[in-house]
Amino acid sequence: MGQPESRERREPEESELPPGQRLQRGWPVTHYGPVPKFRPERWEFRVFGATADGDKHCWNHEEFSALPFRTVVGDLHCVTKFSMLGAEWGGVAARTVAELAPPAADVTHVMVWAEYGFCSNLRLADFLSGRTIFATHRDGELLTAEHGFPLRLVVPHLYAWKGPKWVRGVEYMTADRRGFWEERGYHNVGDPWAEQRYSYQELPGEGPEL
């Protein structure tokens with residue numbers, strides 16, 4: 001995987017913040033549980049579930065690192081109310097993964113799986129957004145272990161919990177199913193501009209029953 005090119009950063013403005021958020025200049029470390037130890041010889045990225053061909057697709061770390069590298073500029077909005085604006089994320093586009101391992105025609109959602117069994121669900125349309133990326137870099141630098149190295153999902157238009165750290169795979173689903181935080185009271189969709197923080201805010205059709 002190549003290195004990202006240097007790009008001029010835009011200066012974020014307070015007016016770009018979703019409701020209830022505050023501008024964060026640094027990048028706080030927030031996660032649940034311990035930081036996993038990366039063992040490249042054991043690392044594998046899997047796409048499974050309702051794939052178009054019915055098979056499981058796997059890449060080891062060397063193979064995944066050789067996939068086409070791209071960069072996107074996107075914000076990171078944490079449900080704890082800080083927002084980091086205008087970061088450049090480098091890695092493998094979610095669309096690239098879906099092109100190499102296509103979902104079946106009736107897939108509506110994905111579950112993104114990470115270390116220790118952590119998971120987060122997404123609508124397929126959110127997963128296939130042009131700015132959704134399996135990130136290995138931020139602003140031209142490799143992610144640190146605390147921030148998700150070797151791989152984290154970034155979905156700039158949703159709250160950051162929808163993009164797990166230490167990702168290991170994607171499950172295609174033909175029906176929605178809540179992930180780790182969604183089962184514990186977080187909103188099933190997680191749109192920061194609609195301030196969809198908690199499950200009690202859900203409207204009919206926005207998530208399966210708790």
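Accessible areas come from the Shrake-Rupley method with a 1.4 Å probe, and for residues only the protein chains shown count as cover. By that method, the chain on your screen exposes about 10,200 Å², of which carbon and sulfur atoms supply 49%.

This is a predicted model, in which local features need pLDDT of at least 70 and side-chain atom pairs count only at pLDDT 80 or more, while totals for chains, interfaces and linings use all residues. Residues are numbered from 1 along each chain as its sequence is written, and side-chain values use heavy atoms, with hydrogens and water left out.

Followed along the sequence, they give the pattern β-β-β-α-β-β-α-β-β-α-β-β-β-β. The radius of gyration, taken over C-alpha atoms, is 16 Å, close to the 17 Å that the globule rule (2.2 Å times the number of residues to the power 0.38) gives for 210 residues, so the chain is as compact as a globular protein of that length. If you switch to the C-alpha trace, its span along the principal axes is about 45 × 45 × 30 Å.

Next, colour the chain by burial: 50% of the 210 residues are buried, a word that here means under 20% relative accessible area, with exposed meaning over 50% and partly exposed lying in between (1.4 Å probe, protein chains only).

Now select Phe 45 and Phe 64, and show their side chains. Rings of Phe, Tyr and Trp (its six-membered ring) pair if their centres lie within 6.5 Å, and planes under 30 degrees apart count as stacked, over 60 as edge-to-face and the rest as tilted. The structure holds 16 such aromatic pairs. In this one the ring centres are 4.7 Å apart and the planes stand at 40°, so the pair is tilted. Phe 45 belongs to strand S2 (residues 44–49) and Phe 64 to helix H1 (residues 61–65), 19 residues apart. Phe 45 is buried, at 0% relative accessible area, and Phe 64 is buried too, at 3%.

Because Phe 64 lies in helix H1 and Phe 134 in strand S8 (residues 133–138), the pair ties together parts 70 residues apart in sequence. Phe 134 is also buried, with a relative accessible area of 0%.

Finally, select Phe 118, Tyr 159, Trp 161, Phe 180, Trp 181, Tyr 186, Tyr 198 and Tyr 200, which form one aromatic cluster.

Note on methods: Helices (H or I, at least four residues) and strands (E, at least two) are DSSP runs, numbered from the N terminus.
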